[in-house]
Amino acid sequence: MFSSVAHLARANPFNTPHLQLVHDGLGDLRSSSPGPTGQPRRPRNLAAAAVEEQYSCDYGSGRFFILCGLGGIISCGTTHTALVPLDLVKCRMQVDPQKYKGIFNGFSVTLKEDGVRGLAKGWAPTFLGYSMQGLCKFGFYEVFKVLYSNMLGEENTYLWRTSLYLAASASAEFFADIALAPMEAAKVRIQTQPGYANTLRDAAPKMYKEEGLKAFYKGVAPLWMRQIPYTMMKFACFERTVEALYKFVVPKPRSECSKPEQLVVTFIAGYIAGVFCAIVSHPADSVVSVLNKEKGSSASLVLKRLGFKGVWKGLFARIIMIGTLTALQWFIYDSVKVYFRLPRPPPPEMPESLKKKLGLTQ
């Protein structure tokens, strides 16, 4: 599959100018003028040299997609695990708002009952589940972005780029949630049902004995309800915010910014995207938390019982959590790309052919 995707990526408008020169064969242009000694000049592929200096692989190659998936594992697995205490309190506020009346009260009650150690409940399924989700989310996003871009063509890719981001991220998240669902179900049981289980090793066999495989996947539909809108907002808002920041805020072109400066822009764009992500996905998140706690319940029954006001419980905690989470994830993901010297195409620019059609250039 990766070889066919790599072939499609060669003409992809998200590709970098240097790589595009190589793929189009323009890097092989040779000077016909003789050298100082009268001998023909040695052919020199400047584009290929630039690629060797800057990138460890071609955009859209198998190695590129694999390392993007690794970046997703690192960014999602570590950040979600680091925020387990906040996630635990948020989940408890959603399933028992009478006992956990707010974010600070929730921390206070949890510390009083379970101690500091209790704040780490659910860390193992969180780490495993969100690592697998990150692999699919970021890795498949890059795959689908290349595939859909080549289906649209260069001009339509630019004109419909927001729709492309939405479609690619939704497709990736569909598979990411299937990978996440079992661990998410175990995490919620551990965090919200006192006495049920303290570890993944205890929770998983008990869940399977009680409800079979259904216990691990009954929350996948609500997960899609929560995560697909969240991820669509996360990627589309991030991509367009980065584009806007370089266009209207950053005082110099991206090509003139250092790597640390580019990563600062990534972090800011990630936080802005995260705030919108939290708002869009919170009602479904409330349903998932209650559903995974209760046996034999359904998403429609939970939604009806919670009502409009109930599904927004814990929103402030989720905004803090998701805003920070999304910013850190994009920062780490982009840092992994920098570390492995992966191609990081700049914000898209209008193709010359489209400029001519619109009369913007001669």
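1. Thr157 is buried, because its relative accessible area is 4%; buried means under 20% relative accessible area, exposed over 50% and partly exposed in between, with a 1.4 Å probe and protein chains only. Thr157 belongs to helix α8, residues 154–159. Helices here are DSSP runs of H or I with at least four residues, numbered from the N terminus.

2. This is a predicted model, in which local features need pLDDT of at least 70 and side-chain atom pairs count only at pLDDT 80 or more, while totals for chains, interfaces and linings use all residues. Residues are numbered from 1 along each chain as its sequence is written, and side-chain values use heavy atoms, with hydrogens and water left out.

3. At 2.7 Å, the side chain of Thr157 reaches the backbone oxygen of Gly153.

4. There are 18 aromatic pairs in the structure. One joins Phe64 and Phe65: the ring centres are 5.6 Å apart and the planes stand at 65°, so the pair is edge-to-face. Rings of Phe, Tyr and Trp (its six-membered ring) pair if their centres lie within 6.5 Å; planes under 30 degrees apart count as stacked, over 60 as edge-to-face and the rest as tilted. Phe64 is buried at 0% relative accessibility, and Phe65 is buried at 3%.

5. Ring pairs also link a cluster made of Phe138, Tyr141, Phe235, Phe238, Trp330 and Tyr333.

6. Two charges sit over rings. Arg161 lies over the face of Tyr158, 4.2 Å from the ring centre, and Lys206 lies over the face of Tyr196, at 4.4 Å. The criterion is NZ of Lys or CZ of Arg within 6 Å of the ring centre and within 35 degrees of the ring normal.

Note on methods. Helices (H or I, at least four residues) and strands (E, at least two) are DSSP runs, numbered from the N terminus. A polar contact is a pair of N or O atoms within 3.5 Å; within protein, one must be able to donate a hydrogen and the other to accept it, and residues adjacent in sequence count only if both atoms are side-chain atoms.
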